[in-house]
Amino acid sequence: MGGTERTHERGAGRVRAYLGSFTSAGGRGVLAADVDPATGALTVTGGTDAVPDPSYLALADGVLYAVSETDPGAVAALDPAGPAPRPLGAPVPVDGSGPTHLAVAAGHLLTANYTSGSVTALPLAPDGTPGPATAVLRHEGGGPVADRQDAPHAHQVLPDPGGRWAVSVDLGTDSVRVCALDPATGALRLHRETALRPGYGPRHLAFHPAGGHAYVVGELEPAVTVCRWDAEHGELTPLAEIPLVDTDAAGPAYPSAVVVAPDGRFLWVAVRGTDTIAVLVLSPTGDEAIRSTAVSCGGEWPRDLALDPSGRRLYAANERSGDVTWFDVTPGTGTPVRAGSTEVPAVTCVVFG
């Protein structure tokens with residue numbers, strides 16, 4: 001079945017959501033849900049537990065991909081067309097452990113392997129299924145937080161907006177690596193490494209829609225770093241660091257996911273511990289950010305954030321309370337207003353297609 005057929009089966013203009021959930025914590029694996037266009041409400045239609053502990057999903061060219069955050073780690077391709085996602089073959093090893101993120105770039109599937117501190121490239125067949133790994137780029141280094149930065153811990157990998165570079169965010173080494181990916185062979189070559197503040201523990205990065213800036217969220221320090229992105233030279237330059245919580249905030253705060261509005265006006269960050277969504281207002285060029293407010297995530301331990309395709313609703317995957325909560329985004333301020341929630345035990349992420 002080709003990608004065109006899968007898209008047709010989902011229905012023209014029909015929006016669906018796909019959810020990951022930890023099977024080892026009582027979750028159902030990879031789920032599909034219908035999205036009500038009027039209210040944003042999710043109705044789960046089915047799921048599969050064929051992929052253990054799918055901590056992150058990605059949808060590309062009519063195929064749904066999931067990492068299996070296990071040791072050893074694996075990745076799987078699924079057909080998203082039916083009521084429940086259907087595996088397209090057995091999971092494929094990533095030659096690393098604890099993969100937490102994945103993305104499609106230059107005809108390959110890339111995974112960020114947290115436990116082994118590496119990035120893997122797997123070639124994609126014409127039907128979208130991944131083949132055996134062609135390259136594993138192992139990170140080196142560490143950081144000052146002994147229990148979290150004793151070794152490299154790649155947490156995210158994604159292509160830059162132009163598709164020329166693969167960017168990986170490493171919590172263990174306090175750095176972001178820019179790599180060149182050979183589309184013919186799948187070889188990964190380190191091009192440049194950008195150091196962030198020691199102990200920052202970078203987790204995720206998101207690009208501004210104009211492509212000239214990026215925002216790196218620290219997990220070990222509750223802040224977001226505004227960076228300039230030079231696509232021609234593959235260079236990321238930190239400009240400023242903006243706190244995500246007040247200095248007198250009670251208890252620990254561990255930011256997770258970052259989302260930028262399609263028009264580049266706002267940025268949202270999920271913060272675990274405080275269980276909030278921080279709202280930042282971006283300057284017209286994207287080089288400055290000001291934290292304006294924070295709202296409750298609607299549950300506990302927001303592991304992921306996602307915007308629906310319209311950019312008018314924001315969804316929080318609240319792992320520990322086992323729910324996905326959705327919000328209407330206030331156009332003038334970017335403030336999320338809670339609109340509803342649905343139960344999804346041990347939920348890890350939300351993607352739309």
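## A tour from hairpin to core

Start at Gly-286, in the hairpin of S23 and S24: this glycine takes a positive phi near 85°, and six residues lie between the two strands. Keep in mind as you look around that this is a predicted model.

Next, select strand S23, residues 276-282, together with S24. The two strands run antiparallel and are joined by seven bridges. Zoom in on two of the pairs: Leu-282 stands opposite Ala-289 in S24, and Val-281 has Ile-290 of S24 as its bridge partner. If you are wondering what holds such strands side by side, strands of a sheet pair through backbone hydrogen bonds.

Now widen the selection to the whole sheet. It is an open sheet of four strands in the order S21-S22-S23-S24, with antiparallel pairing. Colour strand S21 (254-260) and strand S24 (289-296): these are the edge strands, each pairing on one side only. Neighbouring strands here are turned by 25° against each other on average, ignoring direction.

For the next stop, move to the largest nonpolar core, which has 24 residues. Which of its residues touch the most other members? Select Tyr-18, Leu-57, Leu-64, Tyr-65, Ala-66, Val-75 and Leu-102 to see them. Strands S2 (30-35), S4 (57-60), S5 (63-68), S6 (74-79) and S29 (347-352) each supply at least two residues of this core, and S5 gives the most, with five.

Leaving aside neighbours within four places in sequence, Ala-66 is in contact with several residues, including Val-30, Val-51, Pro-54, Tyr-56 and Leu-102. In soluble globular proteins, nonpolar side chains tend to be buried together.

Conventions: Residues are numbered from 1 along each chain as its sequence is written. This is a predicted model: local features need pLDDT of at least 70, side-chain atom pairs count only at pLDDT 80 or more; totals for chains, interfaces and linings use all residues. Side-chain values use heavy atoms; hydrogens and water are left out. Two strands pair if DSSP finds at least two bridges between them. Axes are lines fitted to C-alpha atoms, for helices over the stretch in contact, and angles run from 0 to 180 degrees between N-to-C directions. A nonpolar core is a set of buried Ala, Val, Leu, Ile, Met, Phe, Trp, Tyr and Cys residues joined through side-chain atoms within 4.5 Å. Buried means under 20% relative accessible area, exposed over 50%, partly exposed in between (1.4 Å probe, protein chains only). Contact means heavy atoms within 4.5 Å.
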